[in-house]
Amino acid sequence: MKRTHIIIAASIFATFTAFAQTAPPATAASTYPARPIRMIVPFPAGGATDILARALSQKLGEKIGQTVVVDNRPGAGGTIGADAASKAAPDGYTLLLATSSTHSIGPAINPKIPYNAETDFTPIGYVASSPNIVLVPNSSPARSMREFTDHARKNPGRLNYASSGNGTIVHLTTEYYKAQSGTFILHIPYRGTALAMPDLISGKLDVLFDSFVTGMPHVKDGKLRALAVTSLKRTALAPDLPTVSESLPGFESVTWFGVYGPKGLNAELTTRVNQALNAALADADVKERFARLGAEPTGGTPQAFAAMVRADNAKWKKIIAERKITAE
């Protein structure tokens, strides 16, 4: 009897051992997220990127089942926060809300930034895009983008444009337009486009490729005329407004927002966050809050996001080199 019990016990132990060896172990992804997730925003609190991040983080937290805390790390045009995210543990608990400044324009105009925008991060998802809007004073003879281009071609060096500073998206977008249209328009940099608005309204400036969210209110107030938006297709934010590409095929310039993890984030965790991100972006409340910021939710796969960023970086690198643009 005792021998039988020993044989049965040995058999049970052998079966349990075999199961333990073949059963998949608990993974980090199977218990993720077990604590709050940090989303680094590399710009100051209260700015457009921060407001967008807070709208996104609340809904992302609901979809992923854990609190997502916004951590503002401003400085050096987004470089400080992006660098901090690149050096975090790749465990899914540190995310970065990146922008064109941190991963397209910054690396193209400043090769000495402390991180490699392509290899030091794991792409997770494309969050949103925001076009610029082409503004002219009401006294301008141009009532369409085609008319403005014709006017500029007939008056080389006699027109001027404002930017928010050297090396900014406004500066680069206008130089891109000049290269594509074959026009010569003088550059007048300001410390932000808000400071340029009085001169544009009065007619001292001829054109401004401003952020949609800051430029559109002046159009609605009747102070300025909008000619076009810089997205490739018409935006739902202003569906009746033509695109620059309708007169200059292929022209596109948008400020994009996207989520990255540190380098080495495994595929399972990347997929988990990407799925929650896409679900958050499909939410009606998120769409409405983004629209107030002049941004359209995008979404999609990590691979599509990475491809978009590579293409955007290559475009700006080419423009910067050809137009000899510096951040100084």
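Where is Gly299 found, in terms of β10 and α12? In this predicted model, Gly299 sits in the loop that joins β10 (296-297) to α12 (302-322).

**Gly299.** This residue has 17% relative accessibility. Gly299 therefore counts as buried, since the cut-off for buried is under 20%. Leaving out residues up to four places away in sequence, Gly299 touches Tyr126, Val127, Asn278 and Leu281. Gly299 and Ile124 lie 175 residues apart in sequence, yet their C-alpha atoms are 9.8 Å apart in space.

**Asn313.** Helix α12 holds Asn313. Its relative accessibility is 14%, so Asn313 counts as buried. Which residues is Asn313 in contact with, leaving aside neighbours within four places in sequence? They are His103, Ser104, Pro107 and Ala108.

**Ala267.** Helix α10 spans residues 267-281, and Ala267 lies in it. Is Ala267 buried or exposed? Ala267 counts as exposed, because its relative accessibility is 57% and the cut-off for exposed is over 50%. Ala267 is 145 residues from Thr122 in sequence, with a C-alpha to C-alpha distance of 9.4 Å.

| Pair | Separation in sequence | C-alpha to C-alpha distance |
|---|---|---|
| Ala267 and Thr122 | 145 residues | 9.4 Å |
| Gly299 and Ile124 | 175 residues | 9.8 Å |

In short, Gly299 is a buried loop residue. Asn313 is buried and belongs to helix α12. Ala267 is exposed and belongs to helix α10.

How values were computed: Residues numbered from 1 in each chain as written. Predicted model: local features only at pLDDT ≥ 70, side-chain atom pairs only at ≥ 80, totals over all residues. Heavy atoms only, no water. Helix = DSSP H or I, 4+ residues; strand = E, 2+ residues; numbered from the N terminus. Buried < 20%, exposed > 50% of the residue type's maximum accessible area, 1.4 Å probe, protein only. Contact = heavy atoms within 4.5 Å.
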